Amino acid sequence: MIHNLRAALDFAACDLAELNGASDVQNVYFPFGKTKESFVNSAKEKLKKVSKVARDHIHGLSPYRGGNELLWLIHYLDLGDKHRRLTPIGMAGTTGAKFDSIGGDGSGGSFGIRMARPHWVALDKGMRVATIQKGTVWDGEFNANITVAFGQVESIAHRPLQPLMEGMIHECGTVLAGIRSSFF
């Protein structure tokens, strides 16, 4: 998914180059940088075929560390996805359930489960997240929310992944919508 976000930004840069009259968009990419200075240097190379107005627009997005963090993370995680594994370090879960249970012997009863707040636990290989007793039939509702965080990847270490991904998706959509409304 992260690569698709990155690719969408690269396609937008290519569209801007074509809009500026470029027939060959090879080596045109959406620029990123670890620092503002490295971003500026990257933008000089990757946006050569893009108009000054469009280059200024992209510069204003600050896609570098210390600038627009979510935008920079799209690039950083795209590289990480290609060069290292994302290994979960923990999870927090909340559940809410009310069941009518029918046991294997035909006995039944109602019971509920509720965890008041998330509990972080380290993930181990082969770890069971939940266990349901063999032969149990449930007629009810079960809601579970599991949050996963990653430990080894700088900038996202120990941060819940789902809100981070939602933020990157939203930011990418906002950038693309801004380019579309400004130039197309």
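These legends describe close-up views of a predicted model.

**View 1. The largest nonpolar core.** This core holds 33 residues. Leu9, Leu16, Phe30, Leu71, Ile74, Met168 and Val175 touch the most other members. Five helices each supply at least two residues of this core: H1 (2–19), H2 (36–46), H3 (52–60), H4 (69–83) and H5 (161–183). H1 gives the most, with eight residues.

**View 2. Leu16 and its contacts.** Leu16 is among the core residues that touch the most other members. Which residues does Leu16 contact, leaving aside neighbours within four places in sequence? They are Val50, Ala54, Ile58, Ile179, Phe183 and Phe184.

View 3. A search of the whole structure finds three salt bridges. Side chains of opposite charge can pair when their charged atoms come close.

View 4. An α-helix has 3.6 residues a turn, so residues three or four places apart point the same way. Lys52 has 52% relative accessibility, so this residue counts as exposed. Asp56 has a relative accessible area of 42%, so this residue is partly exposed.

**View 5. The salt bridge of Glu45 and Lys48.** Glu45 pairs with Lys48 in another salt bridge. How far apart are the closest N and O atoms? They are 3.4 Å apart. Glu45 counts as partly exposed because its relative accessibility is 49%. Lys48 counts as exposed because its relative accessibility is 55%.

View 6. Phe39, Ser42 and Ala43 are buried in H2. Why are they on the same side of the helix? Because they cover an arc of only 105° around the axis. What covers the buried residues of H2 includes H3. Now look at the other side of H2. Glu37 and Lys44 are exposed there.

**View 7. Asn27 in a loop.** Most residues other than glycine have a negative phi. Asn27 has a positive phi, near 70°. Where does Asn27 lie? Its place is in the loop between H1 and H2.

**View 8. Ser62 in a loop.** Ser62 lies in the loop between H3 and H4. Its phi is near 55°, a positive value in a residue other than glycine. Is Ser62 buried or exposed? At 18% relative accessibility, Ser62 counts as buried. The reason is the cut-off: buried means under 20% relative accessible area.

Notes
Residues numbered from 1 in each chain as written. Predicted model: local features only at pLDDT ≥ 70, side-chain atom pairs only at ≥ 80, totals over all residues. Heavy atoms only, no water. Core = buried A, V, L, I, M, F, W, Y, C linked by side-chain atoms within 4.5 Å. Buried < 20%, exposed > 50% of the residue type's maximum accessible area, 1.4 Å probe, protein only. Helix = DSSP H or I, 4+ residues; strand = E, 2+ residues; numbered from the N terminus. Contact = heavy atoms within 4.5 Å. Salt bridge = Lys/Arg side-chain N within 4 Å of Asp/Glu carboxyl O. Arc of directions from axis to C-beta.
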